[in-house]
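Here is a short briefing for a first look. Keep the sequence and the 3D view open as you read.

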Amino acid sequence: MTSAASVSDGTAPLPQALEPLLERLTGGIGGHLRTHTGPQARNAPQARTGAWDGLEPHLHRLWGLPDPAPRPRGRPERPATADTPGPRSAEELERALAAFAAHLADPATAATSQIEDLSLDPEELLHRAQAATPDPDPATVHQRACLAAEALWRHLSTTTGERARLLPAAARTRFLLLSEPLRHRGAAPAPGAAPGTDPASVWIPTVVDTDGGDIYGPAGRIFGPGQWHRFLERARQARCEWYGALTARQDHPILAQSPPTAVETELDLLTRTALHFSAARLVMADVPLTKSDLDDGEDEALIWDVTQHHLLPRFRLGRVAALADPFSTALGSVVVGIVTALAAAALGLALAHHFALGAAFATATYLAIGGGTLWLGRIWAAQWLLRLPAASALGLTVLIALPDWWQRSRLELLPPSDAVQAAALLLAIAYGYLVVEACTHGLARGAALGRALVVAAVGWVHAGLVSLVGLVVLAPAFAEQGEGPRPPGLGGQAAADPLAALLLASAWCLTVGVLSQILWEDRSITAPLAHLEWRSATHP
């Protein structure tokens with residue numbers, strides 16, 4: 001079954017099972033890349049068609065097919081080649097890849113335009129792979145596109161000059177094509193699905209296949225029979241190459257002007273099987289696709305790198321939370337629920353003037369975060385923005401040193417008391433700083449306003465918990481006693497208006513915590529509590 005859509009030149013539509021792959025290729029930065037085709041191709045679609053027609057005989061040889069028949073006059077498509085080649089060995093495929101890369105290395109102008117179209121228009125490549133023979137199965141179409149993308153990347157990774165600017169686009173296409181089978185790891189085919197309509201039925205071997213020794217399915221045959229490990233090695237390499245280009249996108253003119261939302265889509269596809277929130281981590285472990293295996297060290301290292309250098313600086317706390325559970329179970333969510341419930345109980349008790357019990361729950365909140373970090377790891381800990389409570393504690397030390405300020409605090413809204421006005425100003429300063437930081441990290445205006453508000457809210461909760469513990473437990477022990485009343489404390493004399501004191505203290509601690517970011521070299525306010533990196537070079 002094929003989709004109804006087809007390209008403008010009349011090539012065959014794709015099988016329904018490949019539509020998610022097509023959406024990934026054309027979404028994200030894909031649409032932006034197509035705007036970088038040469039002016040001649042943009043203004044004259046026939047120029048693009050001509051470049052592809054010149055490339056087609058070489059593609060057919062790469063795919064082990066006879067040269068295509070001449071295009072009949074008055075028809076937009078060539079007749080599909082009727083012959084279907086038998087399986088080729090890994091050595092034969094390597095020779096075909098080398099021959100196609102040699103054609104691309106031809107310094108002729110025609111080859112240059114062909115490389116540009118092949119790099120920037122993977123949609124057309126899929127359709128050409130589909131149209132090469134009558135009704136090929138989805139795995140065959142995918143294999144053909146993978147071979148072309150592999151040869152293109154090999155050529156561009158060794159070239160210099162004008163052609164080298166296309167390397168990021170080629171690296172992206174290669175990664176998305178090679179990672180496609182791995183995005184359906186452990187999936188069960190839809191019951192009663194017609195052939196070619198369900199991606200899982202294409203990539204996941206059946207029981208009959210595995211009993212017959214084919215435990216890896218079509219993915220293990222992309223680069224020749226029994227070449228699963230070669231495929232996996234190249235898929236992992238493709239992910240690293242594309243991530244490197246995306247991280248250093250300001251060095252590449254073709255990527256530097258990419259829309260912020262497109263960049264975030266590409267980051268999600270590097271770490272997750274799909275774009276929806278419940279999608280699992282993208283696992284490239286060396287196990288058959290029938291197994292929903294845990295990610296290995298390489299997967300975890302890349303996810304951690306994406307988290308601390310891209311997701312957290314862009315204030316994408318939801319995506320960090322979605323990646324936080326290393327076991328792909330509900331365990332991480334359960335611990336998140338416990339931490340959230342403890343924090344809510346602490347603040348609720350404080351609002352009810354049960355300060356001592358509230359401070360106990362606030363302490364339990366951080367004990368739960370610490371326990372979760374020990375059990376679930378650093379990515380799980382990153383979602384809690386633990387630099388904020390650490391920096392808030394610095395602000396608390398200043399408050400403790402100020403004598404009797406809590407005695408003058410009043411919580412009056414109409415007209416607003418000094419405490420309310422000061423708290424509002426401090427919160428506005430903290431929020432404004434976060435908005436500016438989000439904008440300078442490349443976020444669009446709307447996203448910067450919304451995400452900064454979420455970070456400010458999380459930070460304010462942290463500041464409230466820290467202030468609660470500090471005013472109840474620490475201030476009575478360290479603050480000057482004098483003749484005035486003590487802060488709200490365990491067994492101590494309460495402040496004139498404890499809630500006003502807590503409001504003012506939390507606003508102050510949040511603002512101090514946010515502004516202290518200027519002391520962290522090359523670190524965002526959302527950076528995890530990690531200071532050491534073991535790298536051969538400074539991260540871009």
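Which residues are linked in a network of salt bridges? The network takes in E94, E150, R154, R174, R230 and R234. The model is predicted. Its protein chain has 23 helices and zero strands. The points below go from the whole chain to single residues.

**Overall picture**

- The protein chain has 540 residues, and 51% of them count as buried.
- Take the contacts in the protein chain with a separation of 6 or more: residues 24 or more positions apart account for 72% of them.
- The protein chain has an accessible surface of about 23,600 Å². Carbon and sulfur atoms hold 61% of that surface.

**Nonpolar cores**

- The largest nonpolar core has 119 residues. Within this core, W63, L126, L182, W242 and L468 touch the most other members.
- Helix α22, residues 445–478, gives this core its largest share, with twelve residues.
- Another core lies apart from the largest one. This other core has ten residues, including A324, V339, A368 and I369.
- What does L468 touch, leaving aside its neighbours within four places in sequence? The contacts of L468 are A346, A350, F355, G358, A359, A362 and L502.

- Helix α21 spans residues 418–440 and contains L425. A430 has its place in helix α21 as well.
- Is L425 buried or exposed? L425 counts as exposed because its relative accessibility is 55%, and the cut-off for exposed is over 50%.
- A430 has a relative accessibility of 1%, so A430 counts as buried. The cut-off for buried is under 20%.
- A430 is in contact with L510, T511 and V514, leaving aside its neighbours within four places in sequence.
- A430 and V512 are 82 residues apart in sequence. In space, their C-alpha atoms are 8.3 Å apart.

**Aromatic rings**

- The structure holds three aromatic pairs.
- Why is the pair of Y216 and W228 stacked? The ring centres of Y216 and W228 are 4.6 Å apart and the planes are at 10°, so this pair is stacked. Planes under 30 degrees apart count as stacked.
- Y216 sits in the loop between α11 (207–211) and α12 (228–247), while W228 is in helix α12. The two are twelve residues apart, and the pair links distant parts of the chain.
- W228 counts as buried, because its relative accessibility is 1%.
- Y216, W228 and F231 form a cluster through ring pairs.

**Salt bridges**

- How many salt bridges does the structure hold? The count is 21.
- R154 and E94 meet through their side chains in a salt bridge, at 3.1 Å from N to O. R154 lies in helix α8 (residues 138–156) and E94 in helix α5 (residues 90–104), so this pair ties together parts 60 residues apart in sequence.
- R154 is partly exposed, with a relative accessible area of 23%.
- R314 forms a salt bridge with E264, and the closest N and O atoms are 3.1 Å apart. R314 lies in the loop between α15 (297–311) and α16 (317–322), and E264 lies in helix α14 (residues 260–271), so the pair ties together parts 50 residues apart in sequence.
- Are R314 and E264 buried or exposed? Both are buried.
- R378 and E300 also meet in a salt bridge, with 3.1 Å from N to O. This pair links distant parts of the chain, with R378 in helix α19 (residues 378–382) and E300 in helix α15, 78 residues apart.
- R378 is partly exposed, with a relative accessible area of 40%. E300 is partly exposed too, with a relative accessible area of 23%.

Definitions and conventions. Residues are numbered from 1 along each chain as its sequence is written. This is a predicted model: local features need pLDDT of at least 70, side-chain atom pairs count only at pLDDT 80 or more; totals for chains, interfaces and linings use all residues. Side-chain values use heavy atoms; hydrogens and water are left out. A nonpolar core is a set of buried Ala, Val, Leu, Ile, Met, Phe, Trp, Tyr and Cys residues joined through side-chain atoms within 4.5 Å. Buried means under 20% relative accessible area, exposed over 50%, partly exposed in between (1.4 Å probe, protein chains only). Helices (H or I, at least four residues) and strands (E, at least two) are DSSP runs, numbered from the N terminus. Contact means heavy atoms within 4.5 Å. Rings of Phe, Tyr and Trp (its six-membered ring) pair if their centres lie within 6.5 Å; planes under 30 degrees apart count as stacked, over 60 as edge-to-face and the rest as tilted. A salt bridge is a side-chain nitrogen of Lys or Arg within 4 Å of a carboxyl oxygen of Asp or Glu. Accessible areas come from the Shrake-Rupley method with a 1.4 Å probe; for residues, only the protein chains shown count as cover.
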